[in-house]
Amino acid sequence: MDVYVNEEELSGYPGKRIKRMSLGKSSESIYDNPMIHSLEPDRIGPARSVAGDVRKGSRRAAVVCLLCLLLMIGLITLSCLFSKGNTEWKMKMAQLQTSYKNLTKEQDQLQTSYNNLVEERDQLQSSYNFLNEAQVQLHKGAADMTKKIQDLQTKLQEHYPQHGWTYFSGSLYYISSTEKTWEESRLDCQQRGADLVIINSKEEQDFVRRFQKLLWIGLTDRETEGTWKWVDGTLLTTSYWAPREPNGHIFHRHEDCAEIQNYKAEKSWNDISCYGKKFWICEKTLPP
Ligand code: BGC
Ligand code: CA
């Protein structure tokens, strides 16, 4: 009778193959074989222990398989998580790079604005400095001017203490209190170091009208009828003749001297006979 015994199980050493044992006689009890001895019916306890070991081994293998499965699930989960994290990280990186580019662009724009503002500030500073300097010069000029006026007034009081002289725009003017012919009037002015007034601006014309008198002025056409000249020999250019004046040549009335007649109007001059008696106005030009 042949009996197969798993030596591995019996010996407790894994890897040992099943041995075949031959039983000499059929009557021979299989339990006489020491290898099978442990399977003897009266020793049923230890045989059961081997089966238990087999079950334990199976359970261990199952546990190991389960652990392997869990490990694999864990690894797959980790791999998925890592992949997801990696994608998110890449997206974040892309966003950060875009933000960085935008910020860099913004920074460049701000830098340009800053440079422009600095340039503008410098220009304003230059303008301010220039205006400041101009203001200083202006104040200085005004102060100089005030001093000149005061000096002039002092000088005028020293040289022309008597009443009757008035200062206007670089000249002194004398208004007579008596009436004379044009020629006598001119002589009086010359005796005062002056001459009959020469009117060469609108301002001067307005100034002369302010006295509200009929006055001889330094204008005549005695030399040549119709050619009006000032007492300094210059030809009349800008005139303030009243309407329809001068008219002496029209009626052959020998109206060869000029007067301020209608002083209320800007155009107030009239040509009239030089032999009438009128007030007069002298002008003395002051040296600059
Ligand atoms: C005329 C003047 C003239 C004057 C002579 C006036 O009526 O308008 O042109 O010179 O008379 O007295
Ligand atoms: Ca006239």
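Modeller: A residue is buried if 20 or more other C-beta atoms lie within 10 Å of its own, and please keep in mind that this is a predicted model.

Colleague: What makes you say that both faces of β8 are covered?

Modeller: In a regular strand the side chains alternate between the two faces of the sheet. In β8, C257 and E259 lie on one side while A258 and I260 lie on the other, and all four are buried. Each of these residues therefore has 20 or more other C-beta atoms within 10 Å of its own, so both faces of β8 are called covered.

Colleague: Which strands are joined to β10, and in what direction do they run?

Modeller: Five bridges join β4 to β10 in an antiparallel arrangement, with S171 opposite T285. Strand β5, residues 195-196, is also antiparallel to β10 and has two bridges to it, with D195 opposite E283. Two bridges likewise join β6 to β10, but these strands run parallel, and W216 stands opposite W280. Because two bridges are enough for a pair, β5 and β6 each count as paired with β10.

Colleague: Why is the set of 25 residues called a nonpolar core?

Modeller: The name applies because its members are buried residues of the listed nonpolar types, joined through C-beta atoms within 7 Å. This core is the largest one, and those with the most contacts inside it include L196, W216, I217 and I281. Its largest share, four residues, comes from β6, while β4, α4, β8, β9 and β10 are among the elements that give two or more.

Colleague: What does I217 touch, leaving aside residues up to four places away in sequence?

Modeller: I217 touches L196, V197, I199, A258, E259, I260 and I281.

Colleague: Which residues are around ligand 1, and how do they divide?

Modeller: They are E245, N247, E255, N270, D271 and I272, and they divide into three charged, two polar and one nonpolar. Asp and Glu count as charged, so E245, E255 and D271 make up the charged group.

Terms used. Residues are numbered from 1 along each chain as its sequence is written. Chains are lettered from A and ligands numbered from 1 in the order in which they are written. This is a predicted model: local features need pLDDT of at least 70, side-chain atom pairs count only at pLDDT 80 or more; totals for chains, interfaces and linings use all residues. A residue is near a molecule or strand if its C-beta atom, placed from the backbone, lies within 6 Å of it. A residue is buried if 20 or more other C-beta atoms lie within 10 Å of its own, exposed if 12 or fewer, and partly exposed in between; C-beta atoms are placed from the backbone. Two residues are in contact if their C-beta atoms, placed from the backbone, lie within 7 Å.
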